[in-house]
Amino acid sequence: YWGQNLPINVGRNNFDTIKIESFRDENAKFEAFKKGLFSVRFEGSPDRWVNGYDFNAVRNALIVRDQVEHNRPMGLLGYAFNTRNPLFADNRVRAALIKPFDFEWVNTNFFHGAYTRSQSFFDNSDLRAKGPASAAERALLAPWMAYVDPDILEHGWTAPVNGNRDNARNNARSAMALLNAAGWEIKEGKLVHAVTGAPFEFEILLSDRSQERIALNYAASLKRLGIKVGVRVVDSAQFQQRLQSFEFDMVPFRWAGTLSPGNEQAYRWGSQAADQAGSYNVAGVKNPAVDDIIQKLVQAKTREELVTAARALDRLLLSGSYAVPLYYQASDRIAWWSEIRHPQRPPLLGWGYGGADFPLSTWWMTSDN
């Protein structure tokens, strides 16, 4: 390789051959790793990380495990509201439905406490809006104050905390107050529209059976508000078709994170993309304030201007309650056979960034095996 000795490549590309194997079955993949058929594994299952690594190779230190925090921008994974549906057109309704999601219970009982609650559309980065808005943010948002929640402007946004009966009850009361203000009321144990009498019912569309238990838990929380939620799992082809044509009420969706947001934000949140089939504006956001701040972000000439615009955009999106924020993994869980070594200091974005072969560009082997 002509660039082997360039400064950027010093200490990299230490293997003569890197072989990447793909498995269609996760259990078969794990068993292959246990037998040494491949050397490095990024563990995606919190349950397996806690309960699945009690075997001889680990006990005898032939396999090493580590959980390394990263500074990778996480974006947002959430249950996206389809605001094209009149049921979710009112921001107060969307804000109400965010409150009952019991992240604390789900994280403890399903994931062994492995996840961190999402608090931003630019989470785990300096682009996240925290605390009071800066003077520069306020200047960008000045023409659009009608679209910014005053509390989010002054304090930032913090996800509701559930996890126990008192918190759940308080959040339910707060949610019900918002629903009442939006024209909904309880009759005979069901939430119905005060004028039309129509029941509050919707469906969460899923593509993976493993997502079902979380959605069912959320549906159970909403049932206490008199809301009927159906959870439907469809095959990946149907899911993709319905996602692209916006034929859903609520759907889990991940807006990937980046340290350098730009034109893609218009494709995610811009008014023009809201009616463009296949766009990432799955929530159907049509907000002139969002459109304007995205343009300011794209036109930023310095990092400071970019960060300011991203934080202003974050406050607008959080004010719009366009998704129920879920969670993210703040560390990389890695297991590897001990003849493989890696630098003591991980890269800024973590070992899990850039695909399966990325970390191996700086790792090395201590033997000729």
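Reader: Leaving aside neighbours within four places in sequence, which residues is F101 in contact with?

Author: In this predicted model, F101 is in contact with Y79, R117, N162, I214, Y218, V324, P325 and L326. Contact means heavy atoms within 4.5 Å.

Reader: Before we go on, what are the ground rules?

Author: Residues are numbered from 1 along each chain as its sequence is written, and side-chain values use heavy atoms, with hydrogens and water left out. The model is predicted, so local features need pLDDT of at least 70 and side-chain atom pairs count only at pLDDT 80 or more, while totals for chains, interfaces and linings use all residues.

Reader: Back to F101. Buried or exposed?

Author: Buried, because its relative accessible area is 0%. The classes are: buried under 20% relative accessible area, exposed over 50%, partly exposed in between (1.4 Å probe, protein chains only).

Reader: Where does F101 lie?

Author: F101 lies in the loop between α4 (91–98) and α5. Helices (H or I, at least four residues) and strands (E, at least two) are DSSP runs, numbered from the N terminus.

Reader: Switching to voids. How many cavities of 30 Å³ or more are there?

Author: Two. A cavity is a set of points, on a 1 Å grid over the protein atoms alone, where a 1.4 Å probe fits but cannot get out; a pocket is an open set with protein on both sides within 12 Å along at least five of seven lines; lining residues have an atom within 4 Å of a point.

Reader: What volume does the largest cavity have?

Author: About 50 Å³. Grid points are joined across faces, edges and corners, and the volume is the space filled by probe spheres set on the points.

Reader: What lines the largest cavity?

Author: L76, I98, F121, W157, L317, L318, S321, Y322, A323 and P325. Helix α13 (303–320) and strand β10 (323–325) each supply at least two of the lining residues. By class, the lining has nine nonpolar, one polar and no charged residues. Here Ala, Val, Leu, Ile, Met, Phe, Trp, Tyr, Cys and Pro count as nonpolar, Asp, Glu, Lys and Arg as charged, and the others, Gly among them, as polar.

Reader: Now the largest pocket. What volume?

Author: About 1,000 Å³. It has 32 lining residues, and the closest to its centre are G44, L77, Y115, R254 and Y327. Elements giving two or more residues to the lining include β3 (76–81), α9 (212–223) and β12 (331–337).

Reader: How does the pocket lining split by class?

Author: Into 15 nonpolar, nine polar and eight charged residues.

Reader: Let's do helix α13. Is T308 there buried or exposed?

Author: T308 is found in α13. T308 is buried, because its relative accessible area is 13%. Leaving aside neighbours within four places in sequence, T308 is in contact with A136, E137 and L140.

Reader: Last topic, overall layout. How many helices and strands?

Author: The protein has 13 helices and 14 strands. Its radius of gyration is 23 Å, close to the 21 Å that the globule rule gives for 369 residues, so the protein is as compact as a globular protein of that length. The radius is taken over C-alpha atoms, and the rule is 2.2 Å times the number of residues to the power 0.38.

Reader: What share of the residues is buried?

Author: 45% of the 369 residues.
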